[in-house]
Amino acid sequence: MRKPGPQLRLAALLCVLAPLSAPAQEQKAVTEPVPVFDKSFLSSRKNTAAGKEVWDSQCRHCHGAAAYPGKAPKLNPGALTPDFIYERVTYGFGKMPGWKDVFSIDQRKSVVAYIKSNGFSP
Ligand code: HEC
């Protein structure tokens, strides 16, 4: 049998190296600045109403009261800070998808206002 020539060995080496360099191109885009949540933003009816639409469209089916048990934890808004909710909504965590590319910053901020509002009903 013939030993593999240098060309074959180079090809084999590239096969090993290619997957190592691929993830570099998929790296997350630069993170956005974290918005400031003040009382007037959180209590604005306009924001909570916009947030309810986001919630109804994409969050309720996992987190809602009628969601399939175990799909997602029921949210306990009193225990969650606006910054934390925004972070999870934006980047996701574990089995929770991130919504950075789906919802605008304003939409993600508004769903935080809705979850923190008295009118929140999962
Ligand atoms: C596909 C189902 C799914 C959808 C859709 C979804 N989530 Fe989640 N979410 C999860 C799961 C699962 C977790 C728990 C992740 C973990 O901690 O491992 C979670 C966690 C969270 C948390 C953190 C809760 C905590 O106590 O740590 C927040 C806040 C949250 N989701 C908000 C939202 C909002 C707002 C939306 C809509 C924009 C949304 N989620 C859509 C599945 C989902």
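**Helix 4, the iron site and a helix pair**

Ground rules next. This is a predicted model, where local features need pLDDT of at least 70, side-chain atom pairs count only at pLDDT 80 or more, and totals for chains, interfaces and linings use all residues. Residues are numbered from 1 along each chain as its sequence is written, and side-chain values use heavy atoms, with hydrogens and water left out.

Helices here are DSSP runs of H or I, at least four residues, numbered from the N terminus. Buried means under 20% relative accessible area, exposed over 50%, partly exposed in between, with a 1.4 Å probe and protein chains only.

Which residues of helix 4 are buried? Helix 4 spans residues 82-91, and the buried ones are Pro82, Ile85, Tyr86, Val89 and Thr90. Looking down the axis, they fall within an arc of 125°, so they line one face of the helix. That arc is taken from the directions from the helix axis to the C-beta atoms. Just after helix 4, Gly92 has a positive phi of about 75°.

Now the iron atom of the ligand. Its protein donors are His63 (NE2) and Met96 (SD), at 1.9 to 2.1 Å. Donors are N, O and S atoms within 2.8 Å of the metal (3.2 Å for Na, K and Ca); water is not among the atoms, so sites may look incomplete. His63 sits in helix 3 (residues 45-63) and Met96 in the loop between helix 4 and helix 5, so the pair ties together parts 33 residues apart in sequence. His63 is buried at 11% relative accessibility. Met96 is partly exposed at 26%.

Last, helix 3 against helix 5. They pack at about 95°, axes 7 Å apart. The two are therefore roughly perpendicular, a term covering 65 to 115 degrees. The contact (heavy atoms within 4.5 Å) includes Trp55 and Cys59 of helix 3, and Val111 and Tyr114 of helix 5.

Take Cys59. It is buried, at 13%. Neighbours within four places in sequence aside, Cys59 touches Val54, Gly64 and Val111. Its C-alpha is 9.7 Å from that of Ala72, 13 residues apart along the chain.

Technical notes: Axes are lines fitted to C-alpha atoms, for helices over the stretch in contact, and angles run from 0 to 180 degrees between N-to-C directions. Angles under 35 degrees count as roughly parallel, over 145 as roughly antiparallel, 65 to 115 as roughly perpendicular and the rest as oblique.
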